[in-house]
Amino acid sequence: AVTKTIDIDVVQMLIDLGHRDFGENRPQELWRKAAAIPDANWHFIGHLQRNKLDRTMPLVSLMHSVDSERLLIALSDFGVKRGSPVPVLLEVNCSREESKGGLTPESLAAIANRLPSLNGVRVNGLMTMAAYHENPEECRPTFRELHELRNQFDPTWPHLSMGMSNDFEVAIEEGATLVRVGTTRFEGLD
C-alpha cells in the first residue's frame, strides 16, 4: 500500500486490520511515518539521494528503486558498515521514458556483473514503472520485458515490483510479485 499522501491515522487503521507492508517515496515522509508506526514493513519506492541513506535505510525492509550504479555501491557500503546486506530491487526503465529514472535495460548486464563484488546488498529482483495509458493493456510490453530481464540475469530473484493502481492487474498477469497500489486502495479515505 503506497501511503505517500495518506495520514498516519489511516495507515494505523490498516495496521490494526493486519496489513503490514507500506511504500513511501519521500525520505522525510518515511521518517515521520516510521517513527509513528514502527511495526510496519516499510518499503522505499522513490529516488533516494545518497546523503539521506544513513537515516532512511535502517527503517526500510526493501529498497525498490535502486536507479543507478552509484546508489547501488553506496547501499552496499552501508550494508557492509552495518554488518548485514541491504535487500534491494534494481529499478529498470523498461518504458524508456526520459521522465522516469532507472537503469536502462541495456546497462543491466554491466550492473549484474558487478554484483558479486558488492557484499553489502542482496538483489531480490527488479522494479519498473510503465508509462501511463488509459488502457492498461498497453503496459503489458513493459512488464513482459522486466520479467524477461529477470529470467535472463537471475531467475532465482524472487521479486518483480511492477504495477500501480491503473495497471496492476496486467502486471500480475505478467509475473508481478509486488504491486505498488495507493490511489485505488485509499480512494475516499484521505
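Colleague: Why is Arg 140 called buried?

Modeller: Its relative accessible area is 14%. Buried means under 20% relative accessible area, exposed means over 50%, and partly exposed covers what lies in between (1.4 Å probe, protein chains only). Arg 140, at 14%, therefore counts as buried. This is a predicted model, in which local features need pLDDT of at least 70 and side-chain atom pairs count only at pLDDT 80 or more, while totals for chains, interfaces and linings use all residues. Residues are numbered from 1 along each chain as its sequence is written, and side-chain values use heavy atoms, with hydrogens and water left out.

Colleague: How do you know that Glu 137 and Arg 140 meet in a salt bridge?

Modeller: The N to O distance between their side chains is 2.5 Å. A salt bridge requires a side-chain nitrogen of Lys or Arg within 4 Å of a carboxyl oxygen of Asp or Glu, so the pair qualifies. Glu 137, with a relative accessible area of 41%, is partly exposed. By the salt-bridge rule the structure has a count of twelve.

Colleague: What makes the salt bridge of Glu 174 and Arg 144 a tie between parts of the chain?

Modeller: The closest N and O atoms of Glu 174 and Arg 144 are 2.7 Å apart, which makes the pair a salt bridge. Glu 174 lies in the loop between helix H7 (168–173) and strand S7 (178–180), whereas Arg 144 is in helix H6 (residues 140–153), so the pair ties together parts that are 30 residues apart in sequence. Helices (H or I, at least four residues) and strands (E, at least two) are DSSP runs, numbered from the N terminus. Glu 174 is buried at 9% relative accessible area, while Arg 144 is partly exposed at 39%. Salt bridges that share partners join Glu 137, Arg 140, Arg 144, Glu 173 and Glu 174 into one network.

Colleague: What does the salt bridge between Glu 106 and Arg 96 tie together?

Modeller: The closest N and O atoms of Glu 106 and Arg 96 are 3.4 Å apart. Both residues lie in the loop between S4 and H5, so the pair ties together parts that are ten residues apart in sequence. Glu 106 is exposed at 58% relative accessibility, and Arg 96 is partly exposed at 43%.

Colleague: What is the phi of Arg 96?

Modeller: The phi of Arg 96 is near 60 degrees, a positive value in a residue other than glycine. Most residues other than glycine have a negative phi.

Colleague: Why is the pair of Phe 22 and Trp 42 called tilted?

Modeller: By the ring rule the count comes to one aromatic pair. The ring centres of Phe 22 and Trp 42 are 5.6 Å apart and the planes stand at 40 degrees, so the pair is tilted. Phe 22 in strand S1 (residues 21–24) and Trp 42 in strand S2 (residues 41–44) are 20 residues apart, and the pair links distant parts of the chain. Under the rule, rings of Phe, Tyr and Trp (its six-membered ring) pair if their centres lie within 6.5 Å; planes under 30 degrees apart count as stacked, over 60 as edge-to-face and the rest as tilted. Phe 22 and Trp 42 are both buried.
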